[in-house]
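This briefing walks through one structure, topic by topic. Please keep the sequence and the 3D view open while you read, and look up each residue as it is mentioned.

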Amino acid sequence: MSHLDKQKADNALPSLLSGQDLYCERDDRVLFDGLSFDWHKGQIVRISGANGSGKSTLIRILLGLSASYEGQLFFSGRPMKHATYDFRNALLYLGHQVGIKTSLSPEENLNWLCPQANRSEVYQALEKVGLKGFEDVLASGLSAGQQRRVALARLYLEDKTIWILDEPFTAIDKDGVAQLEQRIIEHAQAGGLVILTTHHQLAVDVEEVALGEFTSSVHATKHHETGEAQ
Amino acid sequence: MFASSSLMALFKRDLLIAFRNRGELLNPLMFFLMVASLFPLAVTPDPKFLGLIAPGIIWVGALLATLLSLDLMFKSDYDDGSLEQIILQPQPTLLFVLVKTLLHWLMAGLPLTLMAPLLGVMLALPEGGYVPLVLSLLLGTPTLSLLGSIGAGLTVGLKKGGMLMPLLILPLYIPVLIFAASSVQAGIDGNAYTGHLAFLGAYLALMLVLAPVASAAALKISIAR
C-alpha cells in the first residue's frame, strides 16, 4: 500500500533517473561524451552497443560503483550524491556475476539475497523460474543457466522500483528468455523502471541508448544537443 | 529493522558456508599446531629453554596463522559478485565489514585462542603465563582481524596480492605482538600484566572504530577497478 502511495508521489516528479552530460573515457578511448537521459517510471531502457563499447561501464556508473566519469546523475530530481540511500533502497541489480554461492542451496541463497522473503514466497519464486524440485540442491550441482535462474528469482521476490540488469538473458534457455521478458514488461507496466543491456530484441518498444558511436543517440533527450560535444 | 535483517542474513549465510567447508577452517589451526610442534624438534626439547621462548612462539604462530586466513575474507564474495550486492545495499558498507570481521574472528582468532593453552603445554610454558596468554589472545586477535580486513579489502581485486597484504598490515600488527608477548612474559615473571592488556584493549577499541571505515572504503576502491 505504502509502495503505491510512494509511486503516486514520485510520478509527480520529472524523472526517476536522469543523467546530464556524462563523459567517460577508458584507456585513452572515449566511451561516451555528452550523454544525457531522462528515464521515467514505466520505461524499459535498453543500452546497446558492440562489445567493449562501454555498456557495463555505464551500468557501473549508474550504480555508483565507478566514479571515473564526468557529468551528473540525478535520482528523482535530487543529485545522486544526496540520494544514494533512497536510490539503493529502490534498486535491484543483477550483474555478470550474480552473487550465488555454490556451497548453498537455491533456497539458502535467496534467504540472504532477499532476507525479508519468507519460505513459501521463496518456494513460489523458485517455481516461477523453473527450479521446482531444486530448492535443496547445492548450487554447485546446478548448471550455469540454473544458477542464473536462482538470481532471477529475486525479480519475483523483491519489491524494488528500479531494476538494473546487465545481460540478464545470458545462459538462459528459450522458454526462460520469454518468461523473463514477460516479467520485465510486467514490471514496467506496474510502474517500474528497467534498465538492461542485452543483444536480445525485446518484443515491446524500448528506450534505446546506443553506445559506441562516440557520441550518443538518445531519443528521450529533447533539450540537450548531442553530437556537438566532440 | 531491515538493516539488521540483512546483516543477520549475511552472518547466517557465512556461518552456513563455513560449516559446509569445515576443512578450510582447520587450516590456520593446523599451521598454528605445526609451528608449535616443530620448534622443540628444531631448537631443543629442554623445557627450561622452551619456556623462555614459548610466549614469543605462540604469539608469532597465532599472528601468522591469522595472516594466512585473511586472504579468504572477501575473496569468494569478490569473485562471485556478492560483494557488489553487499556494497549496493542501502545500509553503510562498514556494518557488513564488521559482520565479516566478526565472522573471521570467530573462525580464526577464537579457535586459536582456545587452542593456545594446549600449545603452551607442548612448549612447557611456565604456569604463570597461561592466564595472560589467553587474555592477550582474546584481546589481541580481534585487533588482528580488524586490521586484516583493511589489507584484505585493499588487495581483494589483485591477482597477485599475496605478498602485498603482509607488507601493508604487518607494521600495524607489531604493537599487538610486542604488548601481547610481553604480557605473557610479565605473567611468567610474576609481574603485573594488566598494563599490557590495557594497551591491547585500547588498541582494539581504536581499531573497532577505525578499521571498518577504512576497510569499507578499501572495498569500494577495489570494486571500482
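With 225 residues, chain B would have a radius of gyration near 17 Å if it were a compact globule, and its value of 18 Å agrees with that; the radius is taken over C-alpha atoms, and the globule rule is 2.2 Å times the number of residues to the power 0.38. This is a predicted model, in which local features need pLDDT of at least 70 and side-chain atom pairs count only at pLDDT 80 or more, while totals for chains, interfaces and linings use all residues. Residues are numbered from 1 along each chain as its sequence is written, and chains are lettered from A and ligands numbered from 1 in the order in which they are written.

**Chain B as a whole**

- Chain B holds nine helices and zero strands, where helices (H or I, at least four residues) and strands (E, at least two) are DSSP runs numbered from the N terminus.
- Along the principal axes, the C-alpha atoms of chain B fill a box of roughly 55 × 35 × 30 Å.
- Of its 225 residues, 45% count as buried; a residue is buried if 20 or more other C-beta atoms lie within 10 Å of its own, exposed if 12 or fewer, and partly exposed in between, with C-beta atoms placed from the backbone.
- Among contacts in chain B between residues at least 6 apart in sequence, 80% join residues at least 24 apart, a contact meaning that the C-beta atoms of two residues, placed from the backbone, lie within 7 Å.

**Where the chains meet**

- The contact takes 23 residues from chain A and 21 residues from chain B.
- On the side of chain A that touches chain B, helix H3 (80-89), strand S6 (91-94) and helix H4 (106-113) each supply at least two residues, and the largest share, four residues, comes from H4(A).
- Six of the eight residues of H4(A) are buried, so this helix is largely enclosed by the rest of the structure; among the buried ones are A:Trp112 and A:Leu113.

- S6(A) pairs with strand S7 (residues 162-166) of chain A in the parallel sense over four bridges, and A:Leu92 stands opposite A:Trp163 in S7(A); two strands pair if DSSP finds at least two bridges between them.
- A:Ile164 touches A:Leu91, A:Tyr93 and A:Ile195, among others, when residues up to four places away in sequence are not counted.

**The open sheet of chain A**

- Four strands form an open sheet in the order S2-S1-S4-S5 (chain A), with antiparallel pairing.
- Strand S2 (29-39) and strand S5 (78-79) of chain A stand at the edges with a single partner strand each, so one side of each is left without a neighbour in the sheet.
- Strand S1 (residues 17-26) of chain A and S2(A) pair in the antiparallel sense over seven bridges.

**A loop residue**

- A:Gln116 is found in the loop between H4 and helix H5 (119-128) of chain A, and counts as partly exposed because it has 13 C-beta neighbours inside 10 Å.
- A:Gln116 and A:Leu157 are 41 residues apart in sequence and 9.0 Å apart in space, C-alpha to C-alpha.
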